Amino acid sequence: VRAASVETELDPAAFADFAVASGWSDGLPCIPPTPELVAGYLAATGRAPEQVLGTLPPLFADCTVERVAICAAMAGAPTAAMNLLCSAIEAMMARDFNLASVNATTAPVVPALILNGGIRSRLGVAHGAGCLGGALGAGPSIGRTIRLVMRAVAGQRIGYTSESVFGQPARISGIVFGEWEERSPWPSLAQRRGVSGDAVTVFGAMGTQNICDTIAERATSLLKMIGLSIAYHGCNAYVAVNHEEEGEIVVAINPIWASEVIAKQIPSIDDVAQLIWESAKQPLASFPEDYRRPFEELGRVDSDGNVPVVRHPGKILLTVAGGEGALHAMAFHGFGHNLAVTVPVSS
Amino acid sequence: MATGLVLDPTGTSTVEIGEARGLLEGAELSSKSIGIRLDERWRSWQWIAEEWASQLSMRGAQVALWRAGTRVGKRADDMDRELDDFVHQIDLGIFGLGNCGGCTMETVRDAVAALRADVPSVVICTRQFVSLARNLARTDGFLDVPILGLPFPLETLSEEAVRKVAQEAFEELQAVLGESA
């Protein structure tokens, strides 16, 4: 064990105060990361404690496996989540994830984790009803671990190294959910991105956007509603995107819509994405006049005078999750200046 | 009350501490090659850079412009190479524009790349982001990067108003650059 040890009071309230004063915590109570507790996390991974997963901005500090273990212990994450946590951190170090900007920006972006493979059930990460909040499971403690890593290890501090204007609740709990692969009519998100087995996709999410539809009988109509809903004028895909590779939106479709409505009429997921994309646009004329020129200069206006919210259907990342009550989809708008990254969960 | 040992999760910076070289140190702009880093996000900064480039050229400087963008996807490596070429063709760098959190980070990182290549450089930010730029430069190893603040908000001004801002700020730029009177 290489981290410094500090003697302090272990009483919950006293330790909470200590963790805040030391810059370790987010203000919520934390479990004291005693050497014995942290050792349990380290034992759950085949990785060496001193292995550096990445040098995290803005502090450019080495994020070791041990530091992740300490944060996981404080957040109360399952010890079995260590390999996932380490793989997720490594994914965030990919160039395309642009973690330096994610951690400094005015935007409320937070790294969301979408899980595929058997790891979902082994860890108890929800993928069905209430998977984004409310369902019992390990998602929030895993998400909070990532947030504590960004705060304590990476040095992301509001008003100092982060210019975040509002933030969002997920900057405390993170966003961690699984894809309901067993109820999806399509290959999983990770498989479509070239990774099979246990996998995690990290995505810079601006938050959650509910899409409600109480009619949803015809697939084409439903996909049009989804497309229309995700193309709102003030989303980052409109205001922050200057290059064709930038801008992504994740759309989580509930299993009833996916299997019973959409796939029965439109079997190919590429066709599904295409149909959503064809409606995910706004007429250039609907933007205030002084907002139009940049779209024209960037070549973002199509031949019909519309501005697609993202440049092509591949920028809409589809996943299946949520409860069987149907009626809702959930969109996660991207930051605009980074791209999703999918990696295997490895020990 | 029970006490015990706990492990410290906090990270410490691994970056090498650098020292920003003095800029012109009282010298003249003439005969210097001065680079201005543009940012595809901010048209206001483009207008300001055009104004400053014109003023610098009138004083005999050779001005090179380089347009930066977010480094993701296929163009990331190309843009890295462009930055490297840019830094190695200039005597002095003007890096902008810090006008949001992410772009301030990217502006500072590019300026730090120039400083580490021993190219004296100044960071340009709107005033709202000066503190962030200073803090990010510190976490990137430079405690004393010159930073020039422009009015905020800037992007909402008309082109005419932005160009006036550029003209008014040029004297301050000269002072930051260290040009002799």
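Analyst: A residue counts as buried when its relative accessible area is under 20%, as exposed when that value is over 50%, and as partly exposed in between. This scale will be needed below, where single residues are placed on it. The model itself is predicted, and every value that follows is computed from it.

The contact between the chains comes first. Chain A contributes 58 residues and chain B contributes 42 residues. The size of an interface is often given as the accessible area lost when the parts come together. Between chain A and chain B, about 4,100 Å² is buried, and carbon and sulfur atoms account for 58% of that area. On the side of chain A, the three residues A:Phe60, A:Arg95 and A:Tyr160 provide 17% of the area buried against chain B, more than any other three residues.

Polar and charged links also cross the interface. The rule finds 22 residue pairs in polar contact between chain A and chain B, counting pairs with both residues at pLDDT 80 or more. Several elements of chain A give two or more residues to the side that touches chain B, among them β1 (5-9), α1 (12-21), α7 (139-153) and α14 (289-297). Sorted by class, this side of chain A has 28 nonpolar, 17 polar and 13 charged residues.

Strand β1 of chain A also takes part in pairing across the two chains. β1(A) runs antiparallel to strand β1 (residues 3-7) of chain B, and five bridges join the two strands. Within this pairing, A:Ser5 has B:Leu7 of β1(B) as its bridge partner.

Salt bridges form the next topic. Over all chains the structure holds 24 salt bridges, and three are counted between chain A and chain B. In one salt bridge, A:Arg95 is joined to B:Asp77, with 3.7 Å between the closest N and O atoms.

Chain B has salt bridges of its own. B:Asp39 and B:Arg41 form one in which the closest N and O atoms are 3.3 Å apart, and both of these residues are buried. Another joins the side chains of B:Asp78 and B:Arg81, at 2.5 Å from N to O. These two residues lie three residues apart in helix α2 (residues 75-87) of chain B, so about one helical turn separates them. B:Asp78 is partly exposed because its relative accessible area is 38%, and B:Arg81 is likewise classed as partly exposed because its relative accessibility is 49%.

A further salt bridge in chain B joins the side chains of B:Arg109 and B:Asp140, at 3.0 Å from N to O. This pair links distant parts of the chain, 31 residues apart: B:Arg109 is in helix α3 (residues 101-116), whereas B:Asp140 is in the loop between α4 (130-139) and β6 (147-150). The scale given at the start can now be applied to both partners. B:Arg109 has a relative accessible area of 35%, and therefore counts as partly exposed. B:Asp140 has a relative accessible area of 3%, and therefore counts as buried.

Finally, salt bridges that share partners join A:Arg95, B:Arg37, B:Asp39, B:Arg41, B:Arg71, B:Asp77, B:Asp80, B:Glu106 and B:Asp110 into one network. This network includes A:Arg95 and B:Asp77, the pair described above as forming a salt bridge.

Definitions and conventions:
Residues are numbered from 1 along each chain as its sequence is written. Chains are lettered from A and ligands numbered from 1 in the order in which they are written. This is a predicted model: local features need pLDDT of at least 70, side-chain atom pairs count only at pLDDT 80 or more; totals for chains, interfaces and linings use all residues. Side-chain values use heavy atoms; hydrogens and water are left out. Contact means heavy atoms within 4.5 Å. Buried area is the accessible area (1.4 Å probe) that two parts lose on being put together, summed over both. A salt bridge is a side-chain nitrogen of Lys or Arg within 4 Å of a carboxyl oxygen of Asp or Glu. A polar contact is a pair of N or O atoms within 3.5 Å; within protein, one must be able to donate a hydrogen and the other to accept it, and residues adjacent in sequence count only if both atoms are side-chain atoms. Helices (H or I, at least four residues) and strands (E, at least two) are DSSP runs, numbered from the N terminus. Ala, Val, Leu, Ile, Met, Phe, Trp, Tyr, Cys and Pro count as nonpolar, Asp, Glu, Lys and Arg as charged, and the others, Gly among them, as polar. Two strands pair if DSSP finds at least two bridges between them. Buried means under 20% relative accessible area, exposed over 50%, partly exposed in between (1.4 Å probe, protein chains only).
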